[in-house]
Amino acid sequence: MIAGLAIKDIVELALLLIATGGLSGFLAGVFGIGGGAILVPVFYECFRIAGVPLEARMPLCIGTSLAVIIPTSIRSFQAHYKRGAVDISILRVWWLPIVIGVVAGSVVARYAPERLFKIVFVCVAWSAAARLIFVRQGWKFGDDLPKGPLMRAYGFCVGILSTLMGIGGGLFSNLLMTFYGRPIHQAVATSSALAVLISIPGALGYIYAGWPAAANYPAVAALQVPFALGYVSLIGAVLVMPMSLVTAPLGVRAAHAMSKRTLEVAFGCYLFVVGSRFVLSLVGGH
């Protein structure tokens, strides 16, 4: 037994996390999403098995997801940038509002109830699922992204929602850019850059937010140093990161070489199922 788990259970969890890292890295490249929509639900089940209390489980999933997204998003951004697909003008407008949103989300994470994280995840995941599955050319907010305060407000929303959901911002920014008529490949590439802006301060914020958790739950090994720093699981991050780095460039290659309609529908269905899983946990209270 290690940290209350049998060796067989630990091996199964490790293999699951490694496989998840590969899938999240690939999707980070294909969709520019950072992989958090894959990582958070899997981390949730792994940390449940590891005995992490309900009150700390969702924040730990989100903080760990943001930490994993850091190298994956950097690798994905570099690959997209080399292809000239990133809209730098959007980054110039959004970088500061996004960082402010991330800081605000990190403060909320320290004091918010566990249910809030699930509610945010469900709302954003189901919105993205509807967009991916039922996409219509007529679904538009305008012919191009707005200027001025509204654009900055969008950046703030991307930052705070991504921090509370544990994603790199790609789901929300992809929705916005495509609703304003931007090509999907450009939206994916630019979102990969936004993931870099969100994941680094976001992970640091969850370390800060979760620092008291180790003292509050001294019997839970998964929350103690060296297994975790605040709400970032070092074990989870170490197991997931290597494969995500390997597969992220493969996802970028796939995004630029094929039609993504089938992948969009499949990923939309996945998001709907995952959102439903958290709805059931909200209704059931566990």
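Predicted model: local features only at pLDDT ≥ 70, side-chain atom pairs only at ≥ 80, totals over all residues.

Me: Start with helix 4 and helix 8. At what angle do they pack?
Reply: About 25°, with the axes 9 Å apart. Helix 4 covers residues 88–111 and helix 8 covers residues 184–209. Under 35 degrees counts as roughly parallel, so helix 4 and helix 8 are roughly parallel to each other.

Me: Is that crossing left-handed or right-handed?
Reply: Helix 4 passes helix 8 in a right-handed crossing.

Me: Which residues meet there?
Reply: From helix 4, they include W94, W95, I98 and V102. Helix 8 brings L194, L197, I198 and P201, among others. By class, the contact of helix 4 with helix 8 has 16 nonpolar, 4 polar and 1 charged residues.

Me: Switching to helix 3 and helix 5. How far apart are the axes?
Reply: 8 Å, and the angle is about 45°. That makes helix 3 oblique to helix 5. Their crossing is left-handed.

Me: Who makes the contact?
Reply: Helix 3 uses L54, E55, M58, P59 and I62. Helix 5 answers with E114, F117, K118 and F121. The class count for helix 3 with helix 5 is 6 nonpolar, no polar and 3 charged.

Me: Now H80. Where is it found?
Reply: In helix 3, which spans residues 54–82.

Me: Is H80 buried or exposed?
Reply: H80 is buried, because its relative accessible area is 1% and the cut-off is under 20%.

Me: And what does H80 touch, leaving out residues up to four places away in sequence?
Reply: G29, A85, V86, V188, A189, S192, V252 and H256.

Terms used
Residues numbered from 1 in each chain as written. Heavy atoms only, no water. Axes fitted to C-alpha atoms, helices over the stretch in contact; angles between N-to-C directions. Helix = DSSP H or I, 4+ residues; strand = E, 2+ residues; numbered from the N terminus. Parallel < 35°, antiparallel > 145°, perpendicular 65-115°, else oblique. Left-handed = near helix turned anticlockwise from the far one by under 90°. Contact = heavy atoms within 4.5 Å. Nonpolar A, V, L, I, M, F, W, Y, C, P; charged D, E, K, R; others polar. Buried < 20%, exposed > 50% of the residue type's maximum accessible area, 1.4 Å probe, protein only.
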